[in-house]
Amino acid sequence: MDKVLQVRELSVVYGKGCASCYKKTGPDFNSNICPDCGSVVAAHDVSFDLYRGEILGIMGESGSGKSTAVKCLFFDEEPTNGKALFYDEDQQYNLFRLNKAQQRRLRNHRFGMVYQNPNLGLNFDISAGGNIAERLLMSNVSNYSDIRGRAVSLLSRTEVLSERMDEMPKNFSGGMQQRVQIAKALATNPPLLFLDEVTTGLDLSVQAAILDLILEIQQQSQTSMIVVTHDLGVIRLLADRTLVMKYGRVIETGLTDQILEDPQHAYTQRLVASAL
Amino acid sequence: MAYVAIKGGGQAIDGSKTVFDYLRAKQSAESSPLDLDTIQNQLRLLHGRVISEGGVYHPRLAALAVKQAHGDTLEAAFALRAYRSTMPRLAETEALDTSRMRITRRISSAFKDIPGGQMLGATTDYHLRLMRMELLNESPEQFRTIASEWFDGLNIDDIPDTFPKVLEGLRKEGLIPPLSSQVRDNAPFDITREPLVFPVPRSAALSTMARGEQGSLLAIAYSNMRGYGDVHPTVAELRVGYVPVMLPHPITGKPMEIGEVEMTECEIVAMYEDQEDGSKPVFSLGYGACFGHNEVKAISMAILDRSLQIGMTKGPSNPSEDPEFVLLHVDGIDSMGFCTHYKMPHYVTFQSDMDRLRTTRKKQDDGVQS
Amino acid sequence: MTTNKSFGFMDEYAKKEIRRSSLKAVAIPGYQVPYSSREMPMGRGFGTGGLQLTLSLIGEGETLKVIDQGADDSVNAVNLRSFIEMTCPGIHTTTSTTEAGVIQSRHRIPERPLREDQLIVLQVPYPDALVVVEASEDKRKILHGEADYSRLLVKLYEDIVKFDEITISHRYPTRIHGHYVIDPSPIPRWDVPKMHQSAALILLGAGREKKIYAVPPYTDAEPLAFEDVPFRVEDFTDENGQRRPCARCGCTTSFLDEYIDSSTGDYVYRCSDADWCNEQLMDESLLEVSNG
């Protein structure tokens with residue numbers, strides 16, 4: 001199986017940090033906050049691999065650090081420690097050692113990101129079609145009809161009516177905005193897609209439709225994905241393998257089915273048991 | 001062909017120069033032309049402002065600039081700046097030491113009393129702004145009496161020898177950061193020789209504001225005072241006076257005083273903050289200084305110095321903290337020039353705009369909209 | 001009170017810096033070189049950037065033409081020309097594009113193609129084409145460095161969606177030598193093609209914004225457009241589909257000024273380039289003489 005991503009010992013600390021930060025925080029201490037210096041250990045020692053066509057779930061509650069890893073991989077934040085290798089078309093990229101220009105190139109052309117809050121992923125000053133065009137224009141597509149055609153096909157794939165493609169995102173419902181975000185993220189056919197709590201806050205029927213869409217994309221394009229969520233149902237439906245996080249540490253990892261059938265860590269057991 | 005015959009445009013310009021000068025001279029039957037000493041003395045604050053915004057300490061030419069510009073401070077400062085462009089640089093002085101200022105006014109809001117005392121000096125702060133009708137028909141004799149009487153009975157022995165800086169006291173107690181020894185080693189950024197390319201060092205921000213237009217600085221600083229920002233300043237010290245300018249003697253190399261410049265200097269103490277290295281928190285500082293007697297400008301500058309420092313370290317969260325926003329919009333010569341340029345012919349660009357609009361409207365009429 | 005004796009008004013240090021900035025601009029086509037722009041006796045916005053270039057580059061014995069909106073006797077041109085004459089003793093001035101060695105212009109490039117031995121200096125209010133999509137200069141520098149003009153191109157896309165046209169009139173963003181996109185100054189679209197593979201060097205000076213940039217000779221200058229929605233120049237056809245001629249010389253291949261005749265109230269169309277119009281008239285009268 002082709003490996004797409006290899007993350008080792010990723011750590012993110014907010015604040016000045018000290019020698020005790022890692023030693024005195026985590027699930028054993030029920031806290032992310034270092035008692036000696038007040039820094040927040042958002043994540044520590046996160047390691048995982050991601051293979052082509054696979055969906056990896058990262059599950060946890062608020063403060064677990066589940067979004068942190070993804071934010072670092074998408075270059076929205078900088079890690080304090082750790083290494084990430086991205087494999088793409090016979091090339092290997094050491095993500096945290098790249099310069100800002102190289103990071104932007106990967107971010108614009110080889111990664112896609114869908115945020116929980118559409119304000120982060122969409123430009124509200126341009127139309128839905130324009131949002132997709134913007135990504136295509138970064139890759140030097142220079143034919144207006146081609147851009148238009150591609151935008152229409154992406155939006156229809158994410159089930160947004162093409163009659164609405166020239167409207168501004170603020171006129172769309174939350175669910176529609178997420179669909180436009182997904183279409184935009186897919187515009188460059190990225191091999192790696194990050195989805196951060198993308199269905200949280202949406203109506204259940206809308207959630208179901210978007211989750212179906214994500215599965216379809218995986219099947220059709222073999223896109224590798226990392227899905228971050230606190231919702232067990234989303235993990236059950238989408239993720240092939242899962243990491244469970246608590247207070248910044250990975251406490252359990254493995255095949256989703258195994259984790260849900262036979263959770264090892266007490267916390268995971270509680271989560272599975274409390275699922276509706 | 002060695003010359004171009006002057007036609008319409010040239011004549012219009014000549015005509016406008018003549019009528020402009022006529023407006024200056026039209027009451028000549030009743031009075032004499034303004035003399036430069038009058039401007040320098042009786043309009044001293046206007047004069048000081050022109051020196052400050054022109055960025056050249058030449059009191060005589062600044063007075064001339066005021067005269068030729070009919071009192072327009074932007075035009076007068078402009079003339080001084082343009083004059084400066086023709087002058088070669090002869091030497092560079094050491095940093096001026098404002099603790100050696102020959103004080104004419106000096107106060108602190110931070111303390112009730114300070115070493116050397118609170119010297120109110122010539123300020124309008126506590127005046128009642130009532131129209132002084134007695135000045136309507138001021139006679140030359142009344143005018144002369146004011147100056148001749150002022151010195152009567154003055155005891156010059158009462159004047160303190162030194163006015164130590166208020167901040168020194170705070171510094172001794174450790175309430176403000178100690179002076180960094182690095183500061184004197186780094187040459188200040190020269191805005192007259194280098195363009196501003198962001199991010200810029202603090203010295204670039206201070207020098208840009210030092211010759212910035214007073215109203216622009218005040219407006220942006222006011223926005224911070226009112227809540228688009230949170231400097232919350234206390235004036236540790238405001239001093240006005242004459243600072244000696246020192247140059248090395250051409251033979252002995254010993255620093256000699258070659259003259260003095262009138263300056264206003266304001267040091268503010270702002271919100272305290274945690275220190276990077278974990279040591280105890282201290283007050284943060286803001287600094288403002290300019291040529292001439294201009295307190296509104298010095299205080300505004302000090303507040304903006306502080307807000308820009310916040311913006312430069314933490315990222316701006318309002319206009320007064322954004323270096324690009326502040327520093328690119330406070331220069332009076334740049335802003336008035338561009339404002340004025342809108343009166344120049346723009347008919348070719350307008351022709352182009354009309355073409356676009358007509359084409360678009362025609363397309364809609366023809367129903368070609370997809 | 002000392003009087004200024006320096007050739008070209010500015011002191012030698014200032015002129016040297018401007019020359020070096022110009023060389024850098026030519027070496028990196030389309031890149032905006034920051035320089036410490038000096039104050040001139042005319043206002044910022046009145047051509048101080050172009051002026052500083054001309055004053056630093058012109059020499060004794062050379063011939064200068066100054067135009068504004070295509071006209072030599074427009075107030076701005078007159079003002080600049082007299083100042084340059086006053087501060088650069090020994091130069092010649094002309095209204096003839098053919099005779100000029102240095103041409104300083106606001107908002108037009110002359111109709112007659114320029115030669116290798118000529119230099120044109122354009123006056124620029126906004127050097128940066130990206131200023132319409134990004135207010136921060138710091139962020140724009142990164143976009144230029146990475147040739148990331150997607151936000152600008154999206155603006156063109158949205159124009160076509162709304163109006164079926166790219167609605168930018170003057171200051172049309174133009175890509176130089178395949179990388180940097182410049183604001184070519186407020187020249188009409190009509191003049192943008194003249195920048196492409198020009199025999200003459202084109203220098204652009206922004207005094208207030210303190211930038212110098214260049215389109216070197218024989219360099220590609222391509223207005224941003226889409227393959228299937230090409231760049232179009234201004235249209236001078238009337239209601240009957242006929243291209244309007246200049247009312248004075250009859251030319252049908254020049255950019256026309258449109259104005260209302262103050263006596264008749266009719267619309268009149270005349271060549272914007274005054275020297276070109278004069279030349280057309282002279283050619284016609286020569287033609288008459290030879291035919292007559």
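**Reading the contacts**

Reply: Let's start inside chain C, where 13 residues of domain 1 of chain C are in contact with 7 residues of domain 2 of chain C. Being in contact means that the C-beta atoms of two residues, placed from the backbone, lie within 7 Å. Please keep in mind that this is a predicted model, in which local features need pLDDT of at least 70, side-chain atom pairs count only at pLDDT 80 or more, and totals for chains, interfaces and linings use all residues. Residues are numbered from 1 along each chain as its sequence is written, while chains are lettered from A and ligands numbered from 1 in the order in which they are written.

Me: Which residues make up the two domains of chain C?

Reply: Domain bounds come from an automatic or database domain assignment. For chain C, the assignment gives domain 1 as 12-223 and domain 2 as 235-292. Their C-alpha centres lie 27 Å apart. The side of domain 1 of chain C that touches domain 2 of chain C has 4 nonpolar, 5 polar and 4 charged residues. Here Ala, Val, Leu, Ile, Met, Phe, Trp, Tyr, Cys and Pro count as nonpolar, Asp, Glu, Lys and Arg as charged, and the others, Gly among them, as polar.

Me: Which chains share the most contacts?

Reply: Of the 2 pairs of chains in contact, chains B and C share the most contacts. That contact takes 47 residues from chain B and 55 residues from chain C. On the chain B side, 11 residues come from α13(B), the largest share. By class, this side of chain B divides into 20 nonpolar, 16 polar and 11 charged residues. Chain A and chain B do not touch, and their nearest C-alpha atoms are 9 Å apart.

Me: How do I describe two helices that pack together?

Reply: Two packed helices are described by the angle between their axes and the distance between the axes. Axes are lines fitted to C-alpha atoms, for helices over the stretch in contact, and angles run from 0 to 180 degrees between N-to-C directions. Helices are DSSP runs (H or I, at least four residues), numbered from the N terminus. In chain A, helix α4 (residues 128-138) and helix α6 (residues 174-186) pack at about 20 degrees, with axes 8 Å apart. That makes α4(A) roughly parallel to α6(A). Angles under 35 degrees count as roughly parallel, over 145 as roughly antiparallel, 65 to 115 as roughly perpendicular and the rest as oblique.

Me: At what angle do α4(A) and α5(C) pack?

Reply: The angle between α4(A) and α5(C) is about 135 degrees, and their axes are 9 Å apart. The two helices are therefore oblique to each other. Among the residues making this contact are Glu134(A) and Leu137(A) of α4(A), and Arg151(C) and Tyr157(C) of α5(C). By class, the contact has 7 nonpolar, 3 polar and 3 charged residues.

Me: What does Arg151(C) touch?

Reply: Not counting residues up to four places away in sequence, Arg151(C) touches Glu134(A), Val133(C) and Glu134(C). Arg151(C) sits in helix α5 (residues 150-163) of chain C.

Me: How many C-beta neighbours does Arg151(C) have inside 10 Å?

Reply: Arg151(C) counts as partly exposed because it has 18 C-beta neighbours inside 10 Å. A residue is buried if 20 or more other C-beta atoms lie within 10 Å of its own, exposed if 12 or fewer, and partly exposed in between.
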